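Dear colleague,

Here is the structure I promised to hand over, with my notes on one helix and on the disulfides below it. Please read them alongside the coordinates.

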Amino acid sequence: MGAEGSKTTQDHPARLVPTTTTVNKAKLQSKWWTLQVSGAAAAPACLEGYGRQDLDRQTRDGGTQFCKTSRYASLFERHCGDNRKEHQRCMRKGKFDPLDMKTWYPTCGESYEFETSCAISLLQEVDARCRPQLDSAAEALSAGQTNPKLAKQMESIGQCMAQLAGDKGVKLQLDAAQAKERYRLSSQLLSR
């Protein structure tokens, strides 16, 4: 997928799908992720189906209000947004080129590893909770990109992620020690 955020407003991504690297590191069970990584599940379909933050109109007590429909972008922001902001802050402060990892990683690599660790943990939770919807979408995709069931299945993934975002009991299992060790080892490699 290239970059996780395809459209960003300040520190909050408006559209976001997991990167290939994150998906591969997470060791997920659903067949859907293999299709996303291979490109068979087109990025625009993923962004539209579960990668966006929506504003929904809700009417309460005679008044209209708008609220975000939580999909992957807002789910990520809720659980991993602080890690993303810290990494972006470090990058801006050092005025680093994000494509020149050798220059930014020694300074901002630890915050990057924490963001990645959070993203992996979040994907594992999504995979566990939304596997039926993900597998149904994979099955629909195997019948072709034009399969009319595919759009419905993509929407069901987004709905599952919205339900997950609404669950206040979700606690991600971040391995801080492993993130620090990855940073230490990678820093050593880059310094050679």
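Helix α4 (residues 72–94) spans only 29 Å between its end C-alpha atoms, whereas a straight helix of 23 residues would span 33 Å at 1.5 Å a residue; the expected span is 1.5 Å times one less than the number of residues, and helices are DSSP runs (H or I, at least four residues) numbered from the N terminus. At Cys80 the helix α4 bends by about 80 degrees, the bend being the angle between axes fitted to the seven residues ending there and the seven starting there.

This is a predicted model, in which local features need pLDDT of at least 70 and side-chain atom pairs count only at pLDDT 80 or more, while totals for chains, interfaces and linings use all residues. Residues are numbered from 1 along each chain as its sequence is written, and side-chain values use heavy atoms, with hydrogens and water left out.

The whole structure holds 3 disulfides, a disulfide being a pair of cysteine sulfur atoms within 2.5 Å. Cys80, the site of the bend in α4, is bonded to Cys118, with the sulfur atoms 2.0 Å apart. Cys80 lies in helix α4 and Cys118 in helix α5 (residues 101–142), so this pair ties together parts that are 38 residues apart in sequence.

Best regards

Conventions: Helices (H or I, at least four residues) and strands (E, at least two) are DSSP runs, numbered from the N terminus.
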